[in-house]
Amino acid sequence: MSNEIDHAWVEVLQRCDLQVVEECAVDALPVNSAIYAVNGVGVEPVASIPFSSPEAMGELSRVWHARSTGLPLYDQEGRFLLMPPGAGGSKVGWVKVRDRTGTGLPSRIASVTGSPEFMALSLDGCRICAVSIEDYEYWVIVHEFT
């Protein structure tokens with residue numbers, strides 16, 4: 001029973017049309033470093049979409065996909081690292097996933113969890129592309145570690 005509870009995040013990721021490739025990416029960037037890069041003082045978005053925008057979720061998904069592709073975030077097989085969205089995701093850490101759909105990830109996450117917020121990391125641990133909610137806007141945040 002506790003194993004099912006501990007792995008409830010696997011079902012969440014599957015419902016977001018993400019295939020779990022590896023449950024625990026131990027060689028990845030420390031979770032706290034990623035959280036600070038996305039939520040720290042002075043963080044500025046590369047794009048912001050007002051909640052009031054008529055197509056806010058679709059626009060957020062388009063912008064996130066364009067930014068994540070341009071980094072690049074995904075490898076040739078569509079794999080990247082993701083911190084499971086929602087409460088407790090930081091305790092799980094980085095999970096290697098494959099995006100089976102390839103577009104609309106923030107929208108898919110929001111439809112499953114109620115919020116589009118999440119953090120994605122390139123497999124080499126150098127690039128983050130995240131969605132955050134700040135005041136009355138969705139933010140797309142990109143950070144590259146040197």
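A residue is called partly exposed when its relative accessible area falls between the buried range, under 20%, and the exposed range, over 50%. In this predicted model, E77 has a relative accessibility of 45%, so E77 counts as partly exposed.

The side chain of E77 meets that of R79 in a salt bridge, with 3.9 Å from N to O. R79 also pairs with D75, here with an N to O distance of 2.6 Å. Both R79 and D75 are buried. Through shared partners, salt bridges join D75, E77, R79 and R98 into one network. In general, side chains of opposite charge can pair when their charged atoms come close.

Across the whole structure, 7 salt bridges are found. One further pair is K96 with E22, whose side chains meet at 3.5 Å, N to O. This pair links distant parts of the chain: K96 belongs to strand β4 (residues 95-99) and E22 to strand β1 (residues 18-22), and the two are 74 residues apart. K96 has a relative accessibility of 18%, so K96 counts as buried. E22, at 31%, counts as partly exposed.

Attention now turns to a leucine. L82 sits in strand β3, which covers residues 79-83. Its relative accessible area is 0%, and because the cut-off for buried is under 20%, L82 is buried. Leaving aside residues up to four places away in sequence, L82 touches L13, L18, G93, W94, V95, V97, F118, M119 and A120. The C-alpha atoms of L82 and L123 are separated by 9.7 Å, while the two residues are 41 residues apart along the chain.

The elements giving two or more residues to the lining are α3 (31-39), α5 (89-92), β5 (118-121) and β6 (127-134). Of these, α3 gives the most, with 3 residues. By residue type, the lining divides into 9 nonpolar, 6 polar and 1 charged.

Methods. Residues are numbered from 1 along each chain as its sequence is written. This is a predicted model: local features need pLDDT of at least 70, side-chain atom pairs count only at pLDDT 80 or more; totals for chains, interfaces and linings use all residues. Side-chain values use heavy atoms; hydrogens and water are left out. Helices (H or I, at least four residues) and strands (E, at least two) are DSSP runs, numbered from the N terminus. Buried means under 20% relative accessible area, exposed over 50%, partly exposed in between (1.4 Å probe, protein chains only). Contact means heavy atoms within 4.5 Å. Ala, Val, Leu, Ile, Met, Phe, Trp, Tyr, Cys and Pro count as nonpolar, Asp, Glu, Lys and Arg as charged, and the others, Gly among them, as polar. A salt bridge is a side-chain nitrogen of Lys or Arg within 4 Å of a carboxyl oxygen of Asp or Glu.
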